[in-house]
Amino acid sequence: MDTDQLIRTLAEDNAHRARPVGFALMLALIAAAPVSLLMFFTELGFRPDIRTAMHNPFFDLKFAVTLALASAAIAVSLHLSRPEASLRGFGWLLLIPAGLLTAGIGGEMMMPQRLPMMTRLVGSNSRVCMTAIPLMSLPILAGALIGLRHGAPARPAVAGAIAGMLSAGLAATLYASHCTDDSPLFVATWYTISTALVTAIGALAGSKILRF
Amino acid sequence: MREREDEWTGLMRSAISGDSAAYHRLLKAVTPVLRAAARRGLARAGQPVDQSEDIVQDILLAVHLKRHTWDVSAPFAPWLFAVARNKLIDALRRRGRRIFVNIDDFAEVLPGEAAAETVSAGEVAAQLQSLPARQRDVLQSIAVDSASIKDTAVKLSMSEGAVRVALHRGLTSLTAKLREQ
């Protein structure tokens, strides 16, 4: 087939309209979410005192942080799905959850505490946290990568890493409603390690799957 | 240069809103620029430049299948060059050489420099044979025999809608096969 023939063929296919990447990502996440929710409700479930916990600002802060991470990563993912885009001008969005967390740590420092700092940091659920967040992330990560395949990222590993943050953010939101460790120090340590792990998996998978 | 790129943007906007003739003109207009850049990339990597047509076709397929990621309010050339650069790096890497491709390679092509001749390309034609029968027949009819969608539908006793679907699927699987090889 010579190039003129190919061009004519492509022009014949001009009527085909692909859906925007955002739409594909949304569908894929909606399809993947039930798997993670099932994992959550069969293995973990909400913490028993969730009604009282809701009045604790540090409990609520966990959701602010994880949801900020998820939404910033969704925005950056969609931006990076365009081939001419780079992280510049968008990457700072990912600092929002870090900023919230830092403010939370500062806030907690200024309040009188019953437990010493190290005890709060180590908490009582660190192992569950580091297992549950990555495991619940995996179905969401798979969905996110399938959705993002619809795009054309210039740097597939970077795009995959951001997809990893996205799925870790969503999985951590679920996990936060189970976990009784509310100290921002605990979140900053264990949630971050879990997120870094999923980000690395995302980068590795993305470098293969998101090439176009 | 500026004018040329504004013209591309205008053509692509018309193409997106359904004007296939404008799309055809756009692809014709960008091909010599892509070809010149592919040759330069191959030459710099110490590869034979007669493989440039495979790269050009690879880029054109990517442009076609990813054009929904172009923002219609943005100029078209930076998007096009980003896609082309990505495909060129990929092609050179597949040929066993890691090389830095400068984005200016695309932007700085002078009109006279772009050879208009079409060299035969082997990869797309070879992959065509490995497609499922339906897709191959439709692509063969439209690309090689220059039949319209309507004529193809009559010839293969399919509905026009089915021909359109097979055409698009064929182009998608062709691209996937090129990427895997």
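Buried positions along α2(A) are V21(A), L25(A), A28(A), L29(A), A32(A) and S36(A). This comes from a predicted model. What do these buried residues pack against? They sit against three other helices of chain A, namely α4 (57-80), α7 (126-148) and α8 (156-176). An α-helix makes a turn every 3.6 residues, so residues three or four places apart point the same way.

Still, α2(A) bends by about 30 degrees, and the bend falls at A32(A). A proline, P34(A), follows within four residues of that point. A32(A) is also one of the buried residues of the helix. Just past the end of α2(A) comes G45(A), with a positive phi of about 80 degrees.

Next comes the contact between the two chains. Chain A puts in 28 residues, and chain B puts in 39 residues. On the chain A side, the top contributor is helix α1 (residues 3-12), which supplies ten residues. Sorted by class, this side of chain A has 13 nonpolar residues, along with seven polar and eight charged ones.

Chain B has a contact of its own, between its two domains. Domain 1 runs over residues 2-120 and domain 2 over 124-180. Six residues of domain 1 and six residues of domain 2 take part in the contact. The domain 1 side that touches domain 2 is made up of three nonpolar residues, two polar and one charged.

Finally, two serines in chain B have a positive phi even though neither is a glycine. For S146(B), phi is about 55 degrees, and the residue lies in the loop between α7 (133-144) and α8 (149-155) of chain B. Is S146(B) buried or exposed? It has 12 other C-beta atoms within 10 Å, so S146(B) counts as exposed, given that the cut-off for exposed is 12 or fewer. For S157(B), phi is about 40 degrees, and this serine is found in the loop between α8 and α9 (160-180) of chain B. S157(B) is exposed too, because there are 7 other C-beta atoms within 10 Å.

Definitions and conventions:
Residues are numbered from 1 along each chain as its sequence is written. Chains are lettered from A and ligands numbered from 1 in the order in which they are written. This is a predicted model: local features need pLDDT of at least 70, side-chain atom pairs count only at pLDDT 80 or more; totals for chains, interfaces and linings use all residues. Two residues are in contact if their C-beta atoms, placed from the backbone, lie within 7 Å. Helices (H or I, at least four residues) and strands (E, at least two) are DSSP runs, numbered from the N terminus. Ala, Val, Leu, Ile, Met, Phe, Trp, Tyr, Cys and Pro count as nonpolar, Asp, Glu, Lys and Arg as charged, and the others, Gly among them, as polar. The bend at a residue is the angle between axes fitted to the seven residues ending there and the seven starting there. A residue is buried if 20 or more other C-beta atoms lie within 10 Å of its own, exposed if 12 or fewer, and partly exposed in between; C-beta atoms are placed from the backbone. Domain bounds come from an automatic or database domain assignment.
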